Amino acid sequence: MTVELNHTIVPARDPQASAQFLADILGLSVDPPLAHFTPVTLASQVSLDYDQLDAFEPRHYAFMVSEEEFDAAFARIQGGGITHYADPACQENGQIHRSARTDGRRGTYFRDPDGHLMEILTPGGAES
């Protein structure tokens, strides 16, 4: 059997709101509740299972998207007035990262309602 990631738990103060935030940005839908989790399933069938917690350390989640999906998600980020950055340290405000190593790769970082650092990036071309 090939080993694959099935799901990961995303802590959230309001799981429904946080799941809906990410689903809206990525153009996905929030799945029906699974036990006490609020899942968002990606194309790979990996699910992000949002779970209610009051205290947690923010985490980083990165999503590989096509060029078209990046453009659509980025338009939703801009349209929603969501602050975005070209770097994970969140210093390059309002910019998109363009990789010098991977031809054509673009990416941007933004925070969700719980402070998790979300990233969308494109595959770009071959290593140069």
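Residues are numbered from 1 along each chain as its sequence is written, and side-chain values use heavy atoms, without hydrogens and water. In this predicted model, local features need pLDDT of at least 70 and side-chain atom pairs count only at pLDDT 80 or more, while totals for chains, interfaces and linings use all residues.

User: How many salt bridges are there?

Analyst: A salt bridge is a side-chain nitrogen of Lys or Arg within 4 Å of a carboxyl oxygen of Asp or Glu. By this rule the count is three.

User: Which residue forms a salt bridge with Arg13?

Analyst: Arg13 is partly exposed at 43% relative accessible area (buried is under 20%, exposed over 50%, partly exposed in between; 1.4 Å probe, protein chains only). The closest N and O atoms are 3.1 Å apart, and the partner is Asp114.

User: Which residues are linked with Arg106 in a network of salt bridges?

Analyst: Arg106 counts as buried at 13% relative accessibility. Arg106 meets Glu67 at 2.7 Å, N to O, and Asp71 at 2.8 Å. Glu67 is partly exposed at 32%, as is Asp71 at 42%. The residues linked with Arg106 are Glu67 and Asp71.

User: How far apart are the end C-alpha atoms of helix H1?

Analyst: Helices are DSSP runs (H or I, at least four residues), numbered from the N terminus. The expected span is 1.5 Å times one less than the number of residues. Helix H1 has twelve residues, 15–26, so the span should be 16 Å. The distance between its end C-alpha atoms agrees: 16 Å.

Definitions and conventions
Helix = DSSP H or I, 4+ residues; strand = E, 2+ residues; numbered from the N terminus.
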